[in-house]
Amino acid sequence: MQEIKPLLVQLNQLEPLPAKNRETYLESLTRRGYKYMTAITGILFLILVILAVWHKASPFTDQGREIAIWFALLTMFIPTMYIIIDICVGLVLIFKFKSRSFDWLILEIEHDKKAIESLTKYKKETLLEVQDWLQLKCSRLSNRISTFIGNSDKYAVFSLIGLGWSVWKELSKTPSVSFSLTNGDIVQTLLLYGTAFLTGIALGAMIVNYQIQRYKYQLELIEFTSVHDKFHRTLILSGFC
């Protein structure tokens, strides 16, 4: 364990190229704008809540209501403008997709080569042992997800049931029923709780799958490191190094 632990620690620090490192100036500017937009909109929304509570306790005059309306319009206008700008930026980047894909490839190769070079100091036996453990871990996590969750058919069936129930209620003109067992609507309550349960499972599966993808990336690095080491040894034996 003492031999493979340093390698595992270093692998845990290695990550694929972050998305922000692949951004163009326009994308970076848009991302920063999103942060400012979120902060400003959050402040405006908080002001609206305060104004609503204030108006309920002590009704505003016409001038006070007009100020509140302007705050509400700003709260809607700023996100709308950001969405429009983001769509325009996306359309511009679509036309540059070919060149951007090539740039991404170069950046990813450079990033991964640095990671591979940092692993060449470890012995081949250590790399292979860690590779076996990571493969076993990936297999166990994948089996755990498939055993507990199964395929996606159950989610599709449950969604269709929920959709059909909502449509039937709307078309039959039945009165709205509260999501409570005390009102006797057991079917709708079960659908609600079942959907919430499956949603929680799906989110958990996403987290586990994210970890699996990290392990797979580490396996790819080990594989490339082994190939690099084998190629380097071949050159030495051939007298080229």
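Author: A definition to begin with: contact means heavy atoms within 4.5 Å. Helices (H or I, at least four residues) and strands (E, at least two) are DSSP runs, numbered from the N terminus. The model is predicted: local features need pLDDT of at least 70 and side-chain atom pairs count only at pLDDT 80 or more, while totals for chains, interfaces and linings use all residues. Residues are numbered from 1 along each chain as its sequence is written, and side-chain values use heavy atoms, with hydrogens and water left out.

Reader: What covers the buried residues of H2?
Author: Helix H3 (62–95) is included in that cover. The buried residues (under 20% relative accessible area; exposed is over 50%, partly exposed in between; 1.4 Å probe, protein chains only) of H2 are Ser28, Thr30, Met37, Thr41, Leu44 and Leu51.

Reader: And which residues of H3 are buried?
Author: They are Gly64, Ala68, Thr75, Tyr82, Val89 and Leu93. Their cover includes H2 and helix H4 (97–117).

Reader: What distance separates the end C-alpha atoms of H2?
Author: They are 48 Å apart, which agrees with the 48 Å that its 33 residues (25–57) should span at 1.5 Å a residue. The expected span is 1.5 Å times one less than the number of residues. H3, with 34 residues, reaches 50 Å from its first C-alpha to its last, close to the expected 50 Å.

Reader: Turning to the rings, how many aromatic pairs are there in the whole structure?
Author: A search finds two. Rings of Phe, Tyr and Trp (its six-membered ring) pair if their centres lie within 6.5 Å; planes under 30 degrees apart count as stacked, over 60 as edge-to-face and the rest as tilted. Tyrosine 34 and tyrosine 82 form a tilted pair, at 5.4 Å centre to centre and 45 degrees between the planes.

Reader: Where in the chain are those two tyrosines?
Author: Tyrosine 34 is in helix H2 and tyrosine 82 in helix H3, 48 residues apart, so the pair links distant parts of the chain. Tyrosine 82 is buried, because its relative accessible area is 18%, whereas tyrosine 34 counts as partly exposed at 42%.

Reader: And the other pair?
Author: Phenylalanine 97 and tryptophan 104 pair edge-to-face, with 6.3 Å between centres and 90 degrees between the planes. Phenylalanine 97 is partly exposed at 48% relative accessibility, and tryptophan 104 is partly exposed at 22%.

Reader: One last item: is threonine 225 buried or exposed?
Author: Threonine 225 counts as buried, at 1% relative accessibility. Its place is in helix H7 (residues 186–238).
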